[in-house]
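Let's walk through this structure together, from the overall picture down to single residues.

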Amino acid sequence: MDDPTNRGERMVPEMQRDDLIYLEHITRYLFAKQFVTQARVLDLACGAGYGSSMLASANATHVHGIDVSPEAIAYAQKRYAHERISFQVGDADAIPLETGSIDVAVSFETIEHVHHPERFVKELVRVLKENGLLILSTPHSPVAPEDNEHHLHLFTAAQLLSLLHDFPHIRTFYQNTVAASYVVEENHLKEGAYPLHTEQVSDKEPGQQQYIIVVASRHALPALQEIATLFTDRELQKGLALERTHQLRARTWQWKLLRMLYKTSNFFSSRKSG
């Protein structure tokens, strides 16, 4: 497959490692890994397959990677083939798995794309075992762009939770991508271990985070671990710098436009007064 990113908002690490979307998607799967040990897992809307691979690496007994795109599945089968992963084409409204066959269902950035969110959730409930676990994410409506052509729906936390009424046990998390700078001793750099104390410097109000992540079950939830992922590779540093450059260029053009409009309005005001 020449271009596995040709549909929607699919993330392909091999092509987008320098993009901010890489941080967001990888961190969600790192969060999900804590739940899948010795579990039969569904990765619904698995895309290029990197997430299924990450879940399998956390000792899942088997991962079913399902996506509506034949191109994405072909890429996943070629790039992330593994004895404990099976990739197949399938629709989120009719998941090609048996009822009550899944321990953990993972579906990141999917529900906003489907035509019938209620049917989507019902299918996830159907394939989950009675004590199964659902991990689901979506853009947070108060801050999500409203002009994204790929999004059929946007959800507040309350709206998302209202769709999950079959799950009496739910915990809600929020994800936000932020800038980070670390100070560690040389020996920790060599060991690849970062025993960091986190200090937060932010004027972001609660409720302004970019994504909602819910963990839901019909039974009591296991212990949950929040996560902050520190990406230290140089390529990503370059990507962050490029993102900042694009933002500055956009602001520069906005400023130039405002100056031009201001000068034009002053010109006509002076003509009228003269």
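This is a predicted model: local features need pLDDT of at least 70, side-chain atom pairs count only at pLDDT 80 or more; totals for chains, interfaces and linings use all residues.

A residue is called buried when its relative accessible area is under 20%, exposed when that value is over 50%, and partly exposed in between.

Next, the secondary structure. The protein chain holds eight helices and seven strands. How far apart in sequence are the residues that touch? If you take the contacts between residues at least 6 apart in sequence, 71% of them join residues at least 24 apart.

Now find the sheet. Strands of a sheet pair through backbone hydrogen bonds, and they can do so in parallel or antiparallel fashion. Here, seven strands make up an open sheet with mixed pairing, and their order is 3-2-1-4-5-7-6. Which strands stand at the edges? They are strand 3 (85–89) and strand 6 (169–175); each has a single partner strand, so one side of each is left without a neighbour in the sheet. On average, neighbouring strands of this sheet are turned by 15 degrees against each other, direction ignored.

Stay with strand 6 for a moment. Strand 6 runs antiparallel to strand 7 (residues 211–217), and seven bridges join the two. Within this pairing you can look for Thr-172, which stands opposite Val-214 in strand 7. Helix 5 (residues 117–127) packs on the sheet, where it touches strand 1 (40–44), strand 4 (102–108) and strand 5 (128–139). The direction of helix 5 makes about 145 degrees with that of strand 5.

Another helix worth a look is helix 4 (residues 70–79), whose buried residues are Ala-72, Ile-73, Tyr-75 and Ala-76. Why do these four lie on the same side of helix 4? They cover an arc of only 160 degrees around the axis, and that puts them there together.

In the loop between strand 1 and helix 3 (50–57) you will find Ala-45. Its phi is near 65 degrees, a positive value in a residue other than glycine. Ala-45 counts as partly exposed because its relative accessibility is 30%. The loop between helix 3 and strand 2 (62–67) contains Asn-59. Asn-59 is not a glycine either, yet has a positive phi of about 70 degrees. With 43% relative accessibility, Asn-59 counts as partly exposed.

Terms used. Residues are numbered from 1 along each chain as its sequence is written. Side-chain values use heavy atoms; hydrogens and water are left out. Buried means under 20% relative accessible area, exposed over 50%, partly exposed in between (1.4 Å probe, protein chains only). The arc is that of the directions from the helix axis to the C-beta atoms. Contact means heavy atoms within 4.5 Å. Two strands pair if DSSP finds at least two bridges between them. Axes are lines fitted to C-alpha atoms, for helices over the stretch in contact, and angles run from 0 to 180 degrees between N-to-C directions.
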